[in-house]
Structure formats: C-alpha cells, structure tokens
Amino acid sequence: FSDLNGGNGQMNAMAKPPVRVEDFLAAMGLAATGVSVVTTDGPAGRFGLTVSAVSSVSADPPLVLVCINRKSPAMAGVEANGVFAVNLLSSAHRAYADTFSGHPREGSPFDFSNHDWRDGETGLPLVTDATAIFECEMHDRLDAGTHRIFIGRVVAAHSGAADPLVYCNRAFR
C-alpha cells in the first residue's frame, strides 16, 4: 500500500480493507467481455484455454495481454513455448469456448480435434474463422494474485467480419 505509516507495515487508518471475494466476483461478473481461446504450441506441447481477460496494451509497439490462472497446464505451456495466439471467438464459436473451458457438450475437454483450425504465420493453431486473431511472441510476464499476466508482442494480426462472442453474468451472449 502507498498508505503505509513510516514503512512499519501498518495500514493508514484511512485505508480500507480489500473487498470480499464474493462481492468482487459478483460485480466483475456483470462486466461484459469478449471471449477468446488462447493457444500455444511448441516444445512444451499444444494447449488451448478459454479466457475473458484479454486487453490491448500498446499500438506502438503492438502489445496485448492475457491473464491465465497459474494452476492451468496451459499457463505452463505458454510460459515454456514463449509464443501464444489470442483467438477472439465469434458468436458462432460457443462450442470452442465450451471445449477450452473444460466443459464441452460433445467430445473431450481441451481437445483440438473437436474443431476446425488452421496454422498461423507462427505455426500456432488458429480458429479458422475467428472474429480477430493476434499471434504473439512473449514480451513480458507478471504474476498478480492467482494469475500470470502474459504480455505478447503481436507479430501477426487478422481481422474477421463476424460479431464477437461475449461473456456476461456467467453466460455467453
């Protein structure tokens, strides 16, 4: 905290305690976000994971960030491979989101063979007709709470025409 008294580790009387986790999750659940599948491939293996925490960081140089829970095998794959792709899903890609969140309606969780993919310029698996795609090389990483924030330098970007899949109030829209 920047409100520490003289560096003795005690909070200033004006500083408030953190919000309850339940309250934070209820409020954040109402924030509408795009839904993406982050993919990676390389010496550590091929992984994919549905995420909603994706953001632009900078246009010059082009940087994006993704947040992945540190307990996820996909996090270790992205870390070791040093490359990842952000596939912004269209409204027609609900099945991809379900599969890579571990809850497919058909087939096995996290199974690439359930869906159509193409190889990107970097060799990464890309959703064939995604709304947008960002192929990235690792730029930086930072741990924050339960997640690791990966910042990727965008080496290829692709735009589609379909409306994005959105997640809000614990449901796809």
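These notebook entries record what I looked up in a predicted model of one protein chain.

**Conventions.** I number residues from 1 along each chain as its sequence is written, and I work with side-chain values that use heavy atoms, with hydrogens and water left out. In this predicted model, local features need pLDDT of at least 70 and side-chain atom pairs count only at pLDDT 80 or more, whereas totals for chains, interfaces and linings use all residues.

**Entry 1: overall chain.** I found three helices and 12 strands in the protein chain; helices (H or I, at least four residues) and strands (E, at least two) are DSSP runs, numbered from the N terminus. The C-alpha atoms fill a box of roughly 55 × 30 × 30 Å along the principal axes. Of the 173 residues, 36% count as buried (under 20% relative accessible area; exposed is over 50%, partly exposed in between, with a 1.4 Å probe and protein chains only). I then looked up contacts (heavy atoms within 4.5 Å): of those between residues at least 6 apart in sequence, 59% join residues at least 24 apart.

**Entry 2: the sheet.** I traced an open sheet of seven strands in the order S3-S2-S6-S9-S10-S5-S4, with antiparallel pairing; two strands pair if DSSP finds at least two bridges between them. Strands S3 (47-51) and S4 (54-59) each have a single partner strand, so one side of each is left without a neighbour in the sheet. From one strand to the next, the twist averages 30 degrees. S2 (residues 36-40) pairs with S3 over five bridges in the antiparallel sense, and I noted Leu49 in S3 as the bridge partner of Val38.

**Entry 3: helix H2.** I placed H2 (residues 73-81) across S2, S3, S5, S6, S9 and S10, running at about 65 degrees to S10. Axes are lines fitted to C-alpha atoms, for helices over the stretch in contact, and angles run from 0 to 180 degrees between N-to-C directions.

**Entry 4: Glu135.** I located Glu135 in strand S9. Glu135 is buried but has no salt bridge, and Arg118, the nearest side chain of opposite charge, is 5.6 Å away. A salt bridge requires a side-chain nitrogen of Lys or Arg within 4 Å of a carboxyl oxygen of Asp or Glu; Lys and Arg count as positive, Asp and Glu as negative, while His and the chain ends are not counted. The Glu135 side chain reaches the backbone nitrogen of Glu121 at 3.0 Å.

**Entry 5: Arg170.** I found Arg170 in the loop between strands S11 (166-168) and S12 (171-172), exposed, with a relative accessible area of 61%.

Terms used:
A polar contact is a pair of N or O atoms within 3.5 Å; within protein, one must be able to donate a hydrogen and the other to accept it, and residues adjacent in sequence count only if both atoms are side-chain atoms.
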